[in-house]
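Here is a friendly briefing to read alongside the structure. Take a moment to turn the model around, then follow the points below one topic at a time.

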Amino acid sequence: MRLVTFETVRCLNCASELGFDFQRLTIARARSDGEAGPQGAERCSNAEIAACNWLAGEPGLCASCAITRTRPSDDDAAGLGGYAAAEGAKRRLLFELAELGLPLIGWREREGGLAFDLLSSEREPVSTGHADGVITLDLHETDPAHREQLRVRLDEPYRTVLGHFRHEIGHYYQPILIAEQSAEQARCRELFGDERQDYGQAMDRHYEQGPPAGWEQRFVSAYATMHPWEDFAETFAHYLHIRDTLQTAAAYGVETRGPSIPTSDPVPLHADALAQQGDVASMLDAWIPLTYALNAISRSMGAPDLYPFVLSPEIEAKLAFIDQLVKGAARRA
């Protein structure tokens, strides 16, 4: 038994070709060229162009690459470099969604199904966003220098490709998880605000005036203050951040014991990621001490905080609501 990671393509011990099996959510042995083997063990046909290490359910594309609707052309070298990085982030997103039990129906299966347009802005303007089931990413976002310039210009504490995908998938799931005229819709409006307010006006107001004073007590980010849709998507993204990071910490047996001196802090400084029971209260009991430790370690390396956010009781209530929606969808599925 040897350690492999989510991105592993070959065992360093026995040299076997490996790939991620989306049906079983595990790393499995891939079939070599010309080798007879079990159905579904072929490599994704995007193994080279997208650096994809997933296995195809049938000869051709894997489950992740199959829901990419548009990619850069073969003669767009800069775009293709960003395309491979974006696909890597998307595979992490889809793995987490599958583990949570959220419905994943692609555009090839039904009209309005989930689709990704990964486009290069080198040749035409591209706006990252979501509309009618299609998530669009400007592949320029995969360039660390460009992304950092935007983060500083927009005064954001955090900006990653995976973060973009988690935000936009929140937009995609909001109408799926919340039925019109339902109790969930009423509760959503209580927590996030009435989504029927004019989006264009809200956007203009946000970029002209900035976030309101004291926004940190009610919103997870300044961008979340712009419109109830953005508040939901930002909070949904943080829910995915927390769940995935805790799962990884648990897989590696990470335990936070707090500083070696006694403190009187109201929040516990010790936690075991393995012990979190799945509800939001226990999830945050494990998360907050872990972020204290990770932020302190990051500062020791001269780097910014790994998780530069504060979760107020109002934000925790929003996270709990999203947790209820996700678990309800998983039960129905």
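This is a predicted model: local features need pLDDT of at least 70, side-chain atom pairs count only at pLDDT 80 or more; totals for chains, interfaces and linings use all residues.

The salt bridges come to a count of 21, and a few of them are picked out at the end.

- Strand β3 runs parallel to β4 (residues 115-119), and two bridges join them. To find this pairing, look for T68, whose bridge partner in β4 is F116.
- β4 also pairs with β6 in the parallel sense, over five bridges. Here D117 has T136 of β6 as its bridge partner.
- On the other hand, β5 and β6 run antiparallel and are joined by three bridges. T136 turns up again here, standing opposite G129.
- The hairpin of β5 and β6 has two residues between the strands, and D132 in this hairpin takes a positive phi near 55 degrees.

**Helix α6**

- Helix α6 covers residues 228-251, which makes 24 residues. From its first C-alpha to its last it reaches 35 Å, close to the 34 Å expected at 1.5 Å a residue.
- Is α6 mostly covered or mostly open? It is mostly covered, as 19 of its 24 residues are buried.
- Just after α6 comes G253, which takes a positive phi of about 70 degrees.

- T142 sits in the loop between β6 (134-138) and α2 (144-153). Its relative accessibility is 17%, so T142 counts as buried.
- A polar atom of the T142 side chain lies 2.6 Å from the backbone oxygen of L139.
- Leaving out residues up to four places away in sequence, T142 touches G82, A85, A86, R147 and V161.
- A224 is in the loop between α5 (199-209) and α6. With 0% relative accessibility, A224 counts as buried.
- How far apart are A224 and S16 in space? Their C-alpha atoms are 46 Å apart, and the two are 208 residues apart in sequence.

**Salt bridges**

- Side chains of opposite charge can pair when their charged atoms come close.
- R24 and D21 meet through their side chains in a salt bridge of 3.0 Å, N to O. R24 is exposed, with a relative accessible area of 55%, whereas D21 counts as buried at 13% relative accessibility.
- E148 and R151 form a salt bridge of 2.8 Å, N to O, between their side chains. Why are they about one helical turn apart? Because E148 and R151 are three residues apart in helix α2, about one helical turn separates them.
- An α-helix has 3.6 residues a turn, so residues three or four places apart point the same way.
- E148 is partly exposed, with a relative accessible area of 37%, and R151 also counts as partly exposed, at 22% relative accessibility.
- D323 forms a salt bridge with R243, and their closest N and O atoms are 3.1 Å apart. D323 lies in helix α8 (residues 313-332) and R243 in helix α6, so this pair ties together parts that are 80 residues apart in sequence.
- Both partners of that pair are on the buried side of the cut-off: D323 is buried, with a relative accessible area of 6%, and R243 counts as buried at 13% relative accessibility.
- R189, D194, E195 and R196 are linked in a network of salt bridges.

Key
Residues are numbered from 1 along each chain as its sequence is written. Side-chain values use heavy atoms; hydrogens and water are left out. Helices (H or I, at least four residues) and strands (E, at least two) are DSSP runs, numbered from the N terminus. The expected span of a helix is 1.5 Å times one less than its number of residues. Buried means under 20% relative accessible area, exposed over 50%, partly exposed in between (1.4 Å probe, protein chains only). A polar contact is a pair of N or O atoms within 3.5 Å; within protein, one must be able to donate a hydrogen and the other to accept it, and residues adjacent in sequence count only if both atoms are side-chain atoms. Contact means heavy atoms within 4.5 Å. Two strands pair if DSSP finds at least two bridges between them. A salt bridge is a side-chain nitrogen of Lys or Arg within 4 Å of a carboxyl oxygen of Asp or Glu.
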